[in-house]
Amino acid sequence: MLRVYILLLAAGLMLANTLMAAEASPLPRHQPVPGGVAVIGLGDTGFGQGDLVRFNDRPVMVREVDGEWTAVIGIPLSATPGELQAEIRHRDGRRQPLGFEIRDKQYEESRLTVEREMVHPGEEALRRIGRETQRIRSALQTWTDAPQAWNLAFPYPVEGRRTSPFGLRRFFNDEPRRPHSGLDIAASVGTPIVAPAPGRVVETGDFYFNGKSVFIDHGQGLVTMYCHMDSIDVSVGDRVETGSPIGTVGATGRVTGPHLHWSVSLNGTMVDPDLFLARP
Ligand SMILES: [Zn+2]
């Protein structure tokens, strides 16, 4: 009887260890498609401390995992399937091409009817949108050398129901719009939103399309964005940890109902947030 109990206990501990190992990962999932992430081992390139990887004229996240250097490259949704080129820049000035293959991915399609002025903003709104686009772009292109978040298997930033996925090809009033650049999670107004990883708040604001929004820099070109919020509970410069409250779900900006629009940007490129969510 005691032996059975010990065996069960050992099995339970092993299971717990496996679950913990599955939850904490210093890398997102490898999905080399448009809008995905390429996780590329640099073991046979001679890459070392102080070397850099660049892609599309931007620095790329590089992590040392179990003694092997690994590049983590965000791939634009607009990328054409086939071979893409990144580049290693060694400390001694040598440059080395780093090619990688991406395959095609078919994203879903959705058609919506929305208020006309949200599809055709007036002149004043267009000027406002122009200014805001600059702020949003510069927040998403934040680069800090040190990784703030080592664990890149995130918990959900809010409890709710997944609705529109990343990459959804959208039509508003039958006019094609940019594909969906984040993951929507529906929840009632006031539901708390938490940071899924440590970082620093680099921008907040109330934007025409995105409504009340927060941007968190997690280091090495990884920035997350939270939109349509009801309240914002952090300020630019604040440090957040995993689970820190940053505000609540709302319906501000261009929305059809309360939800969190959550975007993940890597090397200045919006990628599928799902690749960063811990598997249950
Ligand atoms: Zn959305």
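I looked up Glu241 to begin with: it is partly exposed, because its relative accessibility is 41%, and a residue counts as exposed only over 50%. The model I am reading is a predicted one.

**Entry 1. Salt bridges**

I asked which residue pairs with Glu241 in a salt bridge. The partner is Arg239, and the closest N and O atoms of the two are 3.5 Å apart. Arg239 is also partly exposed, at 48% relative accessibility.

I noted the general point that side chains of opposite charge can pair when their charged atoms come close.

Next I looked at Arg177. Its salt bridge goes to Glu175, with 3.8 Å between the closest N and O atoms. Arg177 has a relative accessible area of 27%, so I put it down as partly exposed. For Glu175 the relative accessible area is 29%, so Glu175 is partly exposed as well.

Then I turned to Asp274, which forms a salt bridge with Arg279; here the closest N and O atoms are 4.0 Å apart. This pair belongs to a network in which Arg29, Arg162, Asp274 and Arg279 are joined through salt bridges that share partners. I also searched the whole structure, and the search gave 14 salt bridges.

**Entry 2. Zinc**

I wanted to know which protein atoms are donors to the zinc ion. I found NE2 of His180, OD of Asp184 and ND1 of His261, at 2.0 to 2.1 Å from the zinc ion. I wrote the spacing of these donor residues in sequence as H-x3-D-x76-H.

**Entry 3. Thr204**

I located Thr204 in strand E14, which covers residues 199-207. Is Thr204 buried or exposed? It is buried, because its relative accessibility is 19% and the cut-off for buried is under 20%.

I listed the contacts of Thr204, leaving out residues up to four places away in sequence: Arg135, Ser213, Val214, Ile232, Val234 and Val236. I took Ile232 from that list and looked up its distance. Thr204 and Ile232 are 28 residues apart in sequence, and their C-alpha atoms are 8.0 Å apart in space.

**Entry 4. Thr142**

I found Thr142 in a loop, with helix H3 (123-140) on one side and strand E9 (161-162) on the other. Its relative accessibility is 15%, so Thr142 counts as buried.

I asked what the side chain of Thr142 reaches. It reaches the backbone oxygen of Ala139, at 2.6 Å. Apart from residues up to four places away in sequence, Thr142 touches Val202, Asp217, Gly221 and Val223.

**Entry 5. A sheet of 4 strands**

I traced an open sheet of 4 strands and wrote down the order E3-E2-E6-E7; the pairing is antiparallel. Which strands are at the edges? They are E3 (58-59) and E7 (95-102), and each of them pairs on one side only.

I then followed the pairing of E3 with E2. Strand E2 covers residues 52-55, runs antiparallel to E3 and is joined to it by 2 bridges. Within this pair I marked Arg54, which stands opposite Pro59 in E3.

Conventions. Residues are numbered from 1 along each chain as its sequence is written. This is a predicted model: local features need pLDDT of at least 70, side-chain atom pairs count only at pLDDT 80 or more; totals for chains, interfaces and linings use all residues. Side-chain values use heavy atoms; hydrogens and water are left out. Buried means under 20% relative accessible area, exposed over 50%, partly exposed in between (1.4 Å probe, protein chains only). Contact means heavy atoms within 4.5 Å. Donors are N, O and S atoms within 2.8 Å of the metal (3.2 Å for Na, K and Ca); water is not among the atoms, so sites may look incomplete. A salt bridge is a side-chain nitrogen of Lys or Arg within 4 Å of a carboxyl oxygen of Asp or Glu. A polar contact is a pair of N or O atoms within 3.5 Å; within protein, one must be able to donate a hydrogen and the other to accept it, and residues adjacent in sequence count only if both atoms are side-chain atoms. Two strands pair if DSSP finds at least two bridges between them.
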